[in-house]
Amino acid sequence: QKDNLYLTAEKEKYITDIDRLKQAGLLKRDEIKKLSEENMKYQQEEERLNKIIVELNEEIERVKNDKERQDREIKEAQNFHEEKISEQLQLENEIDALTKKLELKDSKIAEYEMEIANL
């Protein structure tokens, strides 16, 4: 009977230990489930942020391309402006040259008129 009581006590101890292990296992399972849900949320957030990063990179590329295009257009406009200034200077030089020729001709005409008047 003494052995019987000892075995019953051991059995109760094992049952208590098993119950505690079951409870610990259930708590761990709940903890793992909660962590899995959190992990899923983080993965979804990561995917959302990755999409935003891709969109921002595309926008950066568009802005970069627009800037390059604008830089080319500005350079073309500057070149056009410089060409027009060069043409304007050339025309002004031609006008100056023609004006000097006309002044010389007017001077010659005045000389001729004086000579005619002296005759």
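A salt bridge, as I use the term here, is a side-chain nitrogen of Lys or Arg within 4 Å of a carboxyl oxygen of Asp or Glu.

**Entry 1: ground rules.** I am working with a predicted model, where local features need pLDDT of at least 70, side-chain atom pairs count only at pLDDT 80 or more, and totals for chains, interfaces and linings use all residues. Residues are numbered from 1 along each chain as its sequence is written, and side-chain values use heavy atoms, with hydrogens and water left out.

**Entry 2: overall form.** I looked up the secondary structure and found one helix and zero strands in the chain. Helices (H or I, at least four residues) and strands (E, at least two) are DSSP runs, numbered from the N terminus. Helix H1 takes in residues 2–118. I then looked up the extent of the C-alpha trace, which spans about 170 × 15 × 10 Å along its principal axes. The radius of gyration of the chain is 50 Å, whereas a compact globule of 119 residues would have one near 14 Å. That radius is taken over C-alpha atoms, and the globule rule is 2.2 Å times the number of residues to the power 0.38.

**Entry 3: surface.** How many of the 119 residues count as buried? I found 0%. Buried means under 20% relative accessible area, exposed over 50%, and partly exposed in between (1.4 Å probe, protein chains only). The chain exposes about 11800 Å², and carbon and sulfur atoms supply 57% of that area. Accessible areas come from the Shrake-Rupley method with a 1.4 Å probe; for residues, only the protein chains shown count as cover.

**Entry 4: charges.** I noted 23 positive and 32 negative side chains, with the centres of the two sets 13 Å apart. Lys and Arg count as positive and Asp and Glu as negative, while His and the chain ends are not counted. The place of a charge is taken as NZ of Lys, CZ of Arg, CG of Asp or CD of Glu.

**Entry 5: salt bridges.** The structure holds eight salt bridges, and I followed up several.

- Arg 20 and Asp 17 meet at 2.3 Å, N to O. They are three residues apart in helix H1, about one turn of the helix. Arg 20 counts as exposed because its relative accessibility is 52%, while Asp 17, at 25%, is partly exposed.
- Lys 67 pairs with Asp 71, and their closest N and O atoms are 2.9 Å apart. Both lie in helix H1, four residues apart. I have both down as partly exposed, Lys 67 at 47% and Asp 71 at 37%.
- Glu 73 pairs with Arg 69, the closest N and O atoms being 3.0 Å apart. These two are also four residues apart in helix H1, about one turn of the helix. Glu 73 is partly exposed at 41%, and Arg 69 is partly exposed at 33%. Salt bridges with shared partners join Asp 66, Arg 69 and Glu 73 into one network.

**Entry 6: a nonpolar patch.** Which residues form a nonpolar patch on the surface? I found Leu 49, Ile 52 and Leu 56, with about 230 Å² of accessible area together. Patches are made of residues with over 30% relative accessible area and no salt bridge; like charges are joined within 9 Å, and nonpolar side chains (Val, Leu, Ile, Met, Phe, Trp, Tyr) within 5 Å. Leu 49 sits in helix H1 and counts as partly exposed, at 38% relative accessibility.
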